[in-house]
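My notes follow the structure.

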Amino acid sequence: MASYTGSKSTGREGSSQELHVLAVDDSLVDRKVITSLLRKSKYRVTAVDSGKRALELLDTEPNVNMIITDYSMPEMTGYELLKKVKESSELCQIPVVIMSSENVPTRINRCLEEGAEDFLLKPVQLSDVSRLCNRVLR
Amino acid sequence: MDYVHLRRQAASLRKGLFDQGYLDEQFYQLEDLQDDASPNFVEEVVTLFFRDSTRLMANIDQALDKCVKDFNKLDVYMQQLKGSCTSIGASRMKTECTAFRECCRDENIEGSHSLSILNLCMRSFQKIKREHSVLRQKLESYFQLLRQAGPVECATRPNK
């Protein structure tokens, strides 16, 4: 699989109000819910519906502090997105969190081994987001 | 207009949705996310759910009508539908989606009976459609009552 290289640098600078989370989910309903969960936790959110769009945005948006992505998506899974991010010299520092509605231990392990910060089971709760963001974006 | 009565009706309808198992605790999560900045959040999410689920169910209907025996494909559609059900707390629908997926998985074990499995899937899907229709009707009534009752806080969460 070819490496993806973004063209902008990313960082974790800024106060909590400026921290920017990229949410990736092909489900309209889940995008709305995760966006609301993240905004409630005071993060700026951009939500896209595919891994491809996520990579396009990462190429143009200079400051993404965390990516939270669904695992099961058509064309590019969350795992494949994770791999592309971690293979990119520009993007590899961005923490990536995977969400899934299915509790499959081999899937979870594979994502964590590939460098995912965490793996959340859906439905994601406000407490999951608070705990995660405190840990990952501190 | 008797707003108190309308609010009581809405609260009663809401309680019934939980007591009868149509909704589960995930719906509380949606209510917790509703605030002054997003005063209609719950209704917006539910509206999105019914729009999305109708589309998914049309895909499944089409596949079943054509007697498509691609059970993996049916399972993918159903996984998406189940995921949406989970996200809004549509408990009964979620249960029926799980049952449908079990049918699809049965085919993988006994491929020679794919026609009977297809029939089972069709029957299971009819149940999903019924639950979908009932839930939609009840939630539409609930939100209509809320709108008529005016912009007030949600009814207090029932004790668990």
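How many residues of chain A are in contact with chain B, and how many of chain B with chain A? I find 18 residues of chain A in contact with 21 residues of chain B, where contact means heavy atoms within 4.5 Å.

Ground rules, for the record. I am working on a predicted model, in which local features need pLDDT of at least 70 and side-chain atom pairs count only at pLDDT 80 or more, while totals for chains, interfaces and linings use all residues. Residues are numbered from 1 along each chain as its sequence is written, chains are lettered from A and ligands numbered from 1 in the order in which they are written, and side-chain values use heavy atoms, with hydrogens and water left out.

**Interface**

I looked up the buried area, which is the accessible area (1.4 Å probe) that two parts lose on being put together, summed over both. For chains A and B it is about 1,600 Å², and carbon and sulfur atoms give 57% of that. A:V29, A:K32 and A:K40 supply 34% of what chain A buries against chain B, more than any other three residues.

I then checked for salt bridges (a side-chain nitrogen of Lys or Arg within 4 Å of a carboxyl oxygen of Asp or Glu). The rule finds 3 across this interface. Helix α1 of chain A (residues 28–40) gives the most to the side that touches chain B, with 8 residues; helices here are DSSP runs of H or I, at least four residues, and strands are runs of E, at least two, numbered from the N terminus.

**Strands of chain A**

Which residues of β4(A) are buried on each side? I note A:V96, A:I98 and A:S100 on one side and A:V97 and A:M99 on the other; buried means under 20% relative accessible area, exposed over 50%, partly exposed in between (1.4 Å probe, protein chains only). Strand β4 (residues 96–100) has 5 of its 5 residues buried, so it is largely enclosed by the rest of the structure.

β3(A) (residues 66–70) pairs with β4(A) in the parallel sense over 4 bridges, pairing being at least two DSSP bridges between two strands. A:D70 has A:M99 as its bridge partner in β4(A). On its other pairing, β3(A) is joined by 4 bridges to strand β1 (residues 20–24), also parallel, and A:V21 stands opposite A:M66.

**A:E102**

I located A:E102 in the loop between β4 and α4 (105–113) of chain A. A:E102 is buried, at 18% relative accessible area. Beyond its neighbours within four places in sequence, its contacts include A:R107, B:R101 and B:R105.
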